[in-house]
Amino acid sequence: MGLWYSISGIFLLIFFVVIGIEGIGLYSLFAIFIPYMAVLLFVIGFIYRVLKWASSPVPFYIPTVCGQQKSLPWIKADNIDSPSTTGGVVKRLALEILLFRSLLKNEKVEIDAPHRLLFRTSVLLWLGAMAFHWSFLIIILRHLRFFLEPVPSVVVILQRVDSIFQNLLPILYISDLVIVIALAYLFLRRVIYPQVKYISLPSDYFVLLTIAGIALSGVLMRLIFKVDLVQVKEWVMAMLSFRPMPPKGVNLLFYIHLFFVSLLIAYFPLSKLMHMPGIFLSPTKNLKNMSRNDRHINPWDHPVKVHTYEEYEEEFREPMKEVGLPVEKG
Amino acid sequence: MVEEVSKEKPLTIDYTPPLKSWMEPAVEFRKGTYGYPAAPKHEKYLDLPNPGVWQPTDKDWKLPENWKEIILRGMKDRLGRYRSFRLFLDICVRCGACADKCHFFIGSGDPKNMPVLRTELLRSIYRRYFTFSGKVFGKLAGARELTEDVLKEWFYYFFQCTECRRCSVFCPYGIDTCEMTMMARELLNLLGLNINWIVEPASNSYRTGNHLGIPPHAFKSTVDFAIDEIKEITGIQVEVPINRKGAEILFIAPSADYFASPHWYTFLGYLLLFHEIGLDYTWSTYASEGGNFGFFHSADLAKRLNAKIYSEAKRLGVKWILGGECGHMWRVIHQYMGTFNGPADFLEKPVSPITGTHFENANSTKMVHLCEFTADLIKNNKLKLDPSRNNKWKVTYHDSCNISRGVGLLEEPRYILRNVCNEFYEMPENTIRERTFCCGSGAGLGSDENMEMRLRGGFPRANAVKYVKEQYGVNLLTCICAIDRATLPPLLEYWVPGVEVAGVHELVGNALVLKGEKERTTNLRGEPLNSFISPSPPAGSGEGEGERQDHV
């Protein structure tokens, strides 16, 4: 049900752009106002959410330990999965953020006889997630050529490498191909696997469909319905220098692409997409496992009522004396 | 109870999700799948809010009139105090990697036992009342109204999580359902909704020092009984100091060790070890519980119970503290105690009086795990061990959740085991160390009335035990957790009959050759020592066979 809500939502939004551009000709709304608003909402929302997390303290020391602690010198400690140094924490986080290491551990549990469990390594989700995130990142970096003048050589090189198959398949970026496949996988698993389907919310489909909309409109613009990239860059530069004007030499597809990008970045701070900054703050991942060595302070620590030894002895003094246990007050 | 479950019908597991959306709250309180509510007597003793008599199967839970306001205020308060709470509610992408990592899901097939959905039960309320998208888009954004049915669902599912943190290992953001369960339980507590198997032990610990409610004189007589038993088995008269001021070390163990079975033999193991090395130590009756049932209730109650340890160490004037074999006790000591009740600046940095080893990892809390202590003794050749006395056993080792994922104490017990027994086999890798499966009865869920859920939750663990039993003939599951020792025996009896449960220090006690002891004819269980079993492993076993350390 959530799936159909999301799909109809996406079509409604496309329809909205078509009417807005083809029907009424609201070029400034779609090319200037909405993108500006989206960026503004993104920046404010993003900062607000991160500050909100940061304003809640970490009262207790709760790393999820996944390796041998540092204890006796002759026992080999695992400084990544049970980090005892800041360097270890950095490595642990970096491996998680860059390589999605926890997903790599994924395994699938199956019951093969009435009461017999089977564990199968399952790297498909890891593969899909890696393919999606990395190709997305490369695509974003490639787009820097619209934002920077002169275009940095890194971006140029990246673009060249990404289009290395050009001789075989004209103007096809590897990252474009990968992201479309990855998105298809991520979407299909939400529809096909009963458990994943059961936990999926409308917003889960919606985000995937929005990004798919961006990717597909981008690919189509590159392959079939071409736009004048020089004009697009001029429009971006004008926007960046706050002397905005609607772009020339573009088509409806460009407006759909731009609208979905705006939608995504405006929606970003309101959504689960905040997992991107969130992982950095995750207290189960970003703390050392040294809590018996470094005392952690709870900023809201407060006194609690305790049952003192005196109260205890008061209740049990006589029987204690009878069996010869030492007491404070004879 | 166990037989009841098995005779009536074998437990069936079906992973097909129901047709109905999870967003419609509905719980059926079926006998065997929930714990009885806390008795008001114990809630009152601890000054807990809203004590009352009710049953989960009742329609009316006797909630205070403004219950909704209490919950929402409690949520707001905790969102401001715990980054984990707010962050973990915000950043889940519902990728589903955690789904089949929870032992309760694997054993029950109930989708709300997938960690992601367990947390969605809370998250949906958070969205509705605390986020923009939830307030505006409602159900589309995954938001739900807070109703009494939602509350009942919380009670059912957050007392169906053992806070084992296995899901957190597989989550790419480290979202820890344990944190969510702790928060949900704190919220439920505000309305007096808790289970007796948590509140009564907590109240007992508060009053008598231990969760079983053993008064000091009974503690003394149980110790005397142990002394006699040791004399009978070994011919040695051990001394067991209690509440002795000026001892160098305060020793604290889970109270079940000196009262329950098979814990008892681990207790005998402790006493033998301390006698043999001539440790200058003492037990305490005031702080006679390592376990902390307050931890399953709220941070405040955990702190109230934990306070006894330092306060007793101070009163007795010891230099440092040694802790016995217990699971969640060690998560509290390792990750919470310094914060709760430190700094322990009145104690000294822990140094083993026998080997001179400085336990540098415990410089601040000044509390050392017995397995660290014993491993160091063995490494330094301070113990004379005869592992053949454990030849009756083919041993495997169960990593307790809190010890592995809370502390990272993985190799110490294994090192000890390899030195005190001849045949040691690991369970499959997916089920040990940081991936270990819970016994299914931790975090206060170990009561008999919850037996069906315990058997389901413990199923993955039992399944791995079954594997090594069939593969290598394993007949003993060792562990360093008192809740494990209490709850694994009925679990194994149901799923893998023929495998016993023991603490690591029971095997130490068996293998330990005491100065001046008589020839031992029985192990600590009083069973005849069987030296005729050949220590060679059956064909087909390679890795994990009982390798002996060179210096024994």
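This is a predicted model: local features need pLDDT of at least 70, side-chain atom pairs count only at pLDDT 80 or more; totals for chains, interfaces and linings use all residues.
**Notebook: chains A and B**

Residues are numbered from 1 along each chain as its sequence is written, with chains lettered from A and ligands numbered from 1 in the order in which they are written.

Next I looked up the strands (DSSP runs of E, at least two residues; helices are H or I, at least four; both numbered from the N terminus). β3 (residues 320-323) of chain B pairs with β4(B) in the parallel sense over 3 bridges; pairing takes at least two DSSP bridges. I read the open sheet of 4 strands in chain B as β2-β1-β3-β4, with parallel pairing. β2 (281-282) and β4 (367-369) of chain B are at the edges with a single partner strand each, so one side of each has no neighbour in the sheet.

Then the contact between the chains (C-beta atoms, placed from the backbone, within 7 Å). I noted 90 residues from chain B and 81 residues from chain A. Helix α14 (residues 299-316) of chain B gives the most to chain B's side, with 7 residues.

Last, chain A: I found 13 helices and 2 strands. Its radius of gyration is 28 Å, well over the 20 Å of the globule rule for 330 residues, so chain A is more spread out than a compact globule. The radius is taken over C-alpha atoms, and the rule is 2.2 Å times the number of residues to the power 0.38. The C-alpha trace of chain A spans about 100 × 50 × 45 Å along its principal axes.

Technical notes:
Two residues are in contact if their C-beta atoms, placed from the backbone, lie within 7 Å.
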